[in-house]
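These are my notebook entries on a structure I looked up. I record confidence first, then strands, then a single residue.

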There are 2 protein chains.
Amino acid sequence: MKNNVQRELPEDLMKQYNYQPYESTEIGEPVYQKVAPKVKVSTGDDKYSESLAEIVKKTVKDGMTISFHHHFRNGDYVVNKVMRLIIDNGIKDLTIAPSSLTGAMNDILIEAIQKGTVTNITSSGMRGSLGEFVSHGGMENPVIFRSHGGRARAIEEGSIKIDVAFLGVPNADKLGNANGMYGKAVFGSLGYALMDAQYAQQVVLLTDNVVPYPNTPASIKQTQVDYVVKVDAVGDPDKIGSGATRFTKDPKELKIAQSVNEVIVNSPYFKDGFSFQTGSGGAALAVTRYLRQAMLDNQIKASFALGGITKPTTDLLEEGLVGRVMDVQDFDKGAAESMHSNQMHQEIDASWYADPYNKGAMVDQLDVAILSALEIDTHFNVNVMSGSDGVIRGAIGGHQDAANAKLTIISSPLTRGRLATVVPEVTTVVTPGDSIDVLVTEYGIAINPARKDLQEAFKDLPGLPIYTIEELQKKAEKIVGTPAPIEYNDRTVALIEYRDGTIIDSIKEVK
Amino acid sequence: MKNNVQRELPEDLMKQYNYQPYESTEIGEPVYQKVAPKVKVSTGDDKYSESLAEIVKKTVKDGMTISFHHHFRNGDYVVNKVMRLIIDNGIKDLTIAPSSLTGAMNDILIEAIQKGTVTNITSSGMRGSLGEFVSHGGMENPVIFRSHGGRARAIEEGSIKIDVAFLGVPNADKLGNANGMYGKAVFGSLGYALMDAQYAQQVVLLTDNVVPYPNTPASIKQTQVDYVVKVDAVGDPDKIGSGATRFTKDPKELKIAQSVNEVIVNSPYFKDGFSFQTGSGGAALAVTRYLRQAMLDNQIKASFALGGITKPTTDLLEEGLVGRVMDVQDFDKGAAESMHSNQMHQEIDASWYADPYNKGAMVDQLDVAILSALEIDTHFNVNVMSGSDGVIRGAIGGHQDAANAKLTIISSPLTRGRLATVVPEVTTVVTPGDSIDVLVTEYGIAINPARKDLQEAFKDLPGLPIYTIEELQKKAEKIVGTPAPIEYNDRTVALIEYRDGTIIDSIKEVK
């Protein structure tokens, strides 16, 4: 069985999990029944506990699906605390459905899998030892990878049915009103966790900062919360900010950022009221800097900036160059602080951000998205999930979702070390080439042949040489050579959903 | 069939509508499945229209349930605009399920009933010509009256299933992000309408103020909205503020307000961190004024003020005497303005405010509630729905819900004109006496005999004479005499739900 990006899919699993192969980036206008949780009615007076052990024992049973959010990133303490108790309680056969996984939780999850506590995982991504473990066949059942918008969809239409959500927050009152903006372990937007709070059957908040009732602003509301548990610490403030939030000084990255900016500024979308998502990482921050100057020079203001937010973006808001910041997660403390001080900085949940199955997501209104790639192939298909050794070491994040923008730019060096980024065929297709418009490398750009308008717009720009993507691929090959093919076993260790819930690719066990 | 407040209920209708008789103010901890709407997936690009006629035609079909909110109160233009089109389209057999009804829409609704367009109504209340019309048998099916919390419950558990919600807003972008705070026809909190926005199958926003995308803060979100319709005007700003928002100068009302304040201040609940709901009306505003002075004198601060909010309450917030204002609706422009300027002023939906079927409503945490009464009887049962002539001329509002407070005070003159307020038996039981603690009149107070602690707390207070409620009733009777009994026909014209969905009383057709 091959799908529309020519990927061979494992028929047995497709059948077993009732999956359809990926067909198109078009979502259409299906009608479907949203789900809702069962509610245990309460006045709220008995929610508060200082014993996480007691609440875990009360809520988690064999075979359940439990969830976490990843807003604490590498500073997360919550998954470790909760999973330690669950493993020690001898619980079996859990599905974990976090918004994503970070290195902070790899050891405990490997232990949980080895002991049979966790038998299924769905996540946006995984990295490090857990990625290695899964890629080498450590789990019996395939991991299901979903984009942030895809997870929101799966929760809203019932494919992910969360029995218990364990949500860490830097503040909460004893009834469960909470936000991500105040306290020690602040992270700003609770965007991903808002899905869990709304849809999980039982919601357990963990906090190290119990505040007087009623706590406002309440991103998570008491009407959604079953238990509030006081713990010593929910996260390490120093590790919450993502590492890659400083301006790059790498001349190659600066060159790429400059070219990305050229592409944006010379596109038909660069006009008053345009919108953009730049993401995080040193190169993205450099793009934001160039874009700021271009906006000043051309007297152009953006209507909104979207996505994972960084301080350089909220600075644009303060400066009046951006009308609104629509924020599903923050990558640094500066961004988190902006959310409570600037009314134009709006917290949005993952559904509003990117769920393709609602009445209109922010990504549907996006003009320009700048995205990264581990690999991109001559069909413009992008891989952000597996290394060129076949091992899982990435995350879909909002990649498939934001690629829905009118102008989707992949910003990537042609090669990284001894590895080509532009390849004949990506190891894993995560985002289909149909949704990618321009590739920007340090050597020049390639434009998706489907975008004749952009071919026209960018021709004859000084300093922005245009190649075909095949030419860029050959150039990369010439630099680093042709790698030996990866050797796989037959077993499938992961399925990659497209944002609409079809399967765009699978990942095999690495030999 | 008699319920627990000794009301004879119409057995045929109880069966037909599958109702249980009222038993108790205790809600318990039932587990139930929440409902969710069907969603027609969209990118949001085709939501905007300038033809209300077209959208009404597209959405409203025979037999549907449609809804409105009443935040525009007597300044509402939305119901008239929408119902005019629906009637003219020849639509039949609609159920209308507004959060409440005001005089602004009486004529068109009577016409809609007479023409068979509307055959069922559920509302918080009705007044004037529509109340007369229904009370005199103008509708075949009984009206179902629900409290604000009861409506939220009915929507969340599926008893009210809204096919199309027509929601007027003072601002919206073309995808449906909207709030009640900016524009011409501002009313502040969208509290009641947020239920419709979340649960209706189709949501149509009407606005006279289309703003650039994306509009924030978004109380209603684009993910919830199917259509945005531009109209010339959604409401009359001058009639949105409720009439009774000025301080009373009536010495009787001032005397009552002073006594209410005495009751609060001498109760065990008047301490730092207490909470209260005062409501609107001249007497309520006077209570707020006295309470302010008592808080200053005793150096006591409240944790939150709840409910329908007025400027005197937001003034307390500004002054630091109240920690938070939790706002489901605003009664004047001052309160509406506070919501966007003060972060401690939190908009809450009707579920968070008062739904007894969730994980904890604000009313469950309320210390002191001051409520009004058309009548109160010697069992402390309260009527806020029908006049002593039996005609419908009131609304439950949050009465049953806020009566859940630890100290529920009914503030009411002993008599009004030639009519007694304290009576042997109320015309209609809306709020059961079990949830009422103290009656305050201009002559003195009566304490529910179940509250021995309050009997003790209030004894020997100068200027606060205590009577039994029977004594107050006799006193009232002595002043105005015994009215002739109301003559009813057999037919039931309305059923009154208690907040948990049981039936607490019914209203018969007046002869």
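This is a predicted model: local features need pLDDT of at least 70, side-chain atom pairs count only at pLDDT 80 or more; totals for chains, interfaces and linings use all residues.

Entry 1, confidence. For the model, I recorded an ipTM of 0.96 and a pTM of 0.97.

Entry 2, strands S27 and S28 of chain A. I looked up how strand S27 (residues 488-497) of chain A pairs with S28(A), and found the antiparallel sense over 6 bridges. Within this pairing, I found Ile503(A) in S28(A) as the bridge partner of Glu497(A). I then followed the hairpin that S27(A) and S28(A) form, which has 5 residues between the strands. In its turn I noted Gly501(A), whose phi is positive at about 95°. Next I checked burial: strand S28 (residues 503-510) of chain A has 7 of its 8 residues buried, so the rest of the structure largely encloses this strand.

I turned to strand S27 (residues 488-497) of chain B, which pairs with S28(B) in the antiparallel sense over 6 bridges. Here I looked up Leu495(B) and found that its bridge partner in S28(B) is Ser506(B). The hairpin of S27(B) and S28(B) has 5 residues between the strands, and I recorded a positive phi near 95° for Gly501(B). I also noted that strand S28 (residues 503-510) of chain B is mostly covered, with 7 of its 8 residues buried.

I traced an open sheet of 3 strands in chain A, in the order S18-S17-S23, with mixed pairing. Its edge strands are strand S18 (382-383) and strand S23 (422-423) of chain A, each of which pairs on one side only. I found that strand S17 (residues 375-377) of chain A pairs with S23(A) in the parallel sense over 2 bridges. There, Val422(A) in S23(A) is the bridge partner of Ile376(A).

I located Leu317(B) in helix H11 (residues 311-319) of chain B. Is Leu317(B) buried or exposed? Its relative accessible area is 6%; the cut-off for buried is under 20%, and I therefore class Leu317(B) as buried. Leaving out residues up to four places away in sequence, I listed what Leu317(B) touches, including Val322(B), Arg324(B), Asn342(B) and His345(B). Finally, I looked up His399(B), which is 82 residues from Leu317(B) in sequence and 24 Å from Leu317(B) in space, C-alpha to C-alpha.

Definitions and conventions: Residues are numbered from 1 along each chain as its sequence is written. Chains are lettered from A and ligands numbered from 1 in the order in which they are written. Side-chain values use heavy atoms; hydrogens and water are left out. Buried means under 20% relative accessible area, exposed over 50%, partly exposed in between (1.4 Å probe, protein chains only). Helices (H or I, at least four residues) and strands (E, at least two) are DSSP runs, numbered from the N terminus. Two strands pair if DSSP finds at least two bridges between them. Contact means heavy atoms within 4.5 Å.
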